[in-house]
Amino acid sequence: PPPSDSCNGIFLSYNYTGGHAIPPTDPTNQAYRFESTLTVLNNGRHELKSWRAFVGFQHQELLVSASNAVLADGSSFPAEVGNGTVLAGFPISDLKSAVETAGDRAQMEVRVGLVGTQFGVGAPDVPMPLNISLVNDGYSCLNATNEGNNVMHVCCIQDDLNSDSNNGVNDEFLARQEGDLVIMYDVIRAYTDNYWAQVSISIHNPLGRLDKWQLSFDWMREEFIYAMRGAYPYVVDTTDCIFGRQGQHYKEMDFSQVLNCERRPTIVDLPPTRANDSILGRIPFCCRNGTILPPLMDPSKSISSFNMQVYKMPPDLNRTELVPPQNWKIKGTMNPEYECGSPILVTPSQFPDPSGLPSATASIASWQVVCNITQSKQAVPRCCVSYSAFFNDSAIPCNTCACGCNSNPSQTCSATEPALLLRPDALLIPFENRTAEALSWADIKRRSVPNPLPCGDNCGVSINWHLLSDHKDGWTARITLFNWGDSSFEDWFAAVQLDKAVPGFEEVYTFNGSKLLGSNNTLFMQGRPGLNYLLAETDGAKPKKDPRVPGTQQSVISFKKKSTPGIEVAAGDGFPTKVLFNGEECALPTRLPSKAPMVSGRSSVFGFLTLALLLLMQ
C-alpha cells in the first residue's frame, strides 16, 4: 500500500521529477533547473483550512513558479528560498476530509508543481529539501522519511483529535489571528462583474508604527481598480487593461476613468486636506498622510482605511465569485519591516449602520491578513545611537556606516575603521563638518588617526544617550534626539530597553514617558502636546559660514536604585541594549564609555554646557 494509507492525518510528499544544467556554464557553482511536486493530502477527520506547508530547500534555490500555491510570506515569484519557505494554498486553500466527501480525493488533495533554479547539485545527485512539514497550528509532524533518492514524505497528526476549533466539520471560517499589524479585506457590496472592498490597516504592537505607508498586493484573476475613496494608486496606469484582455472584454468602458490596471498596484494614503472630499474622501480613518500610530499613543490613530471598486474578469462574473488579492506587502519610511501572511477567510466583519440606527451591517465576505515585524539580515538601520558619560570627556559617535555606506569605489573614506571619538558638543555638527573637530580632539587626546578617515554613519536620525550622574540612591541619564533629514517627524516616539534599570525608573522630565505596558525592561517616550514635532534640519544662523543645525528634542530621565540592588550603572547597566525610533530599531555603538582619565573637569563641563546651550538655542 502507498505510504499515505498509514497516515490518519495530513500526508505531505515531495517528489523530485527532473532537472538539467542551464546557462551559463560555471564549474564552481553550476545552475540547474529543477521540477518537483509537493502533494498535501487530508486523511484526517476534519477539514484542513488554509493549508500551509514548509519545504526546507537548501541548495540556493530560486523558486520561479508554483501551481496551486503562493508564498506565505507575501513574496512574488521568482523568490530566493534557499533557507526554506512556506507555501500557502491558492486558489483552493481548504482541503476537505474523506468523511465529508465520501473519499473524493479531488477535494481532499492538492498537488503543487514547483519549478525553479538550484545551484551545485547535478546528476546523478538529487537536490532534495532538508525536510517538509505542515505548519498549520494544532498539528505535529513526525520525522520525514526518504523513499529512494527522489521522494520524501511525512505524516502530520492533529494535536487534539477531539477539538474542532478552526478545523471542525461545521466550521466555515478560521478564527481571527493576532499579529503586530492586521489588514482586513472586507467586501461590502457585490455585483455581477465588480465589487466594493473596504481595506483596513491596524497596528496592534505597542512599538509598531507606519509613516507614509505604501501597500501593495498581487491580483490573481486579472482584476483592476476602477475607483477609490480614502486612498489612491501610487501610479495611475491603465496600459495593461487597454492592451490586455480587460480591454477586449469591457469594450464599452471608458478606461480614462479607471485608476489602475497593474497586476501589482501600490496604494498610498491621502493627505488630510482630502478627508472631506466628496469624491475621494469621507471614509472613516482615512487621509492621514499614511501615518498609523501604535494604540498606546492614540487608539483613534492606530487604524487607516480606504474603499476601492474592483472589476473582475471571466470566468468570475458572478457576485459570489470573490477572490482576495495575494502577496501583501506594507512598508513605511522610517518604520519596522513587516512580513505578511496569506489572506484567510474569517467571519464577516460588522460595521456601524451608516444611517445611524443602533444596528450593525455585516460585510459580504472578509479576509484577514496578519503581518508581523521582522528583521531581515540584509536590513540596514535608518537611525543610530551615540554614547557619552559624565566620567569620560569623549563621546562615542554612531558606528561607521551604521545606516549603510556609499558603494562607490572612489570614496575617500574607510567603511571599516571605527568612528573617531568626539567632544560631546561636536555631536551637534553634521558629519561633513566634523572633520576638524574630530582631528583636533584626537590630537588633544594623543590618539592615532587612520588614513583614510572613517566614513560617516549616514543616518537620518541619531540619538545620544548620556549617563549624566550616578550616586548612592539613584542615577540620571539624558536622551537627545537629532533629526538630520529634510522632513519633520510628527507624533514621534522612542523606546529604550534597559535590561536591569527599568524597575527603578522614576521620571522623564521633558517628554511623556512611562514603562511599556507588559514589559519590565523598556521605557516608552513621546513628545508632550505642542512638543510632538522633531523638526527637520535647518540652515545655521549664517548659512554661508555656519553648518546646518539638526532638529532636536531632549530630556533627563531619573532612576532610583532601591528596586535594582546590585546595578552597575557605569559598568554598562546604565546604557540601553536596544533603542527604537518610531518603531525602527537603531544601530547601537559597539563599545561603551570607559572610566579613562579626562583632560580636565573644565573641559568636560565646557563640552556639556555647550551642548545644552546650543540645544536651548533651537
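Trainee: To begin, are C286 and C287 buried or exposed?

Mentor: Both C286 and C287 are buried. Keep in mind that this is a predicted model. Now for the link itself. C286 and C287 form a disulfide. Their sulfur atoms lie 2.3 Å apart. That counts as a disulfide because the cut-off is within 2.5 Å. The bond is covalent, between the sulfur atoms of two cysteines. Next, look along the S-S bond. The angle about the bond between C286 and C287 is -75°, and the link is left-handed.

The structure holds ten disulfides. Let us take two others.

Go to C403 and C459. They are joined by a disulfide, with 1.8 Å between the sulfur atoms. Where do the two cysteines sit? C403 is in the loop between β27 (392-396) and α5 (435-444), while C459 is in the loop between α5 and β28 (461-470), so this pair ties together parts that are 56 residues apart in sequence. Now the handedness. The torsion about the S-S bond of C403 and C459 is about 95°, so this disulfide is right-handed. As for cover, C403 and C459 are both buried.

Now turn to C413 and C455. A disulfide joins them, with an S to S distance of 2.0 Å. C413 lies in the loop between β27 and α5, and C455 lies in the loop between α5 and β28, so the link ties together parts that are 42 residues apart in sequence. The torsion about the S-S bond of C413 and C455 is about 90°, so this disulfide is right-handed.

Check the cover of each partner here. C413 has a relative accessible area of 24%, so it is partly exposed. C455 has a relative accessible area of 4%, so it is buried. The cut-off explains both labels: buried means under 20%, and partly exposed lies between that and 50%.

Across the pairing, Y387 stands opposite I396 in β27. β26 and β27 form a hairpin, with two residues between them.

Definitions and conventions
Residues are numbered from 1 along each chain as its sequence is written. This is a predicted model: local features need pLDDT of at least 70, side-chain atom pairs count only at pLDDT 80 or more; totals for chains, interfaces and linings use all residues. Side-chain values use heavy atoms; hydrogens and water are left out. Buried means under 20% relative accessible area, exposed over 50%, partly exposed in between (1.4 Å probe, protein chains only). Helices (H or I, at least four residues) and strands (E, at least two) are DSSP runs, numbered from the N terminus. Two strands pair if DSSP finds at least two bridges between them.
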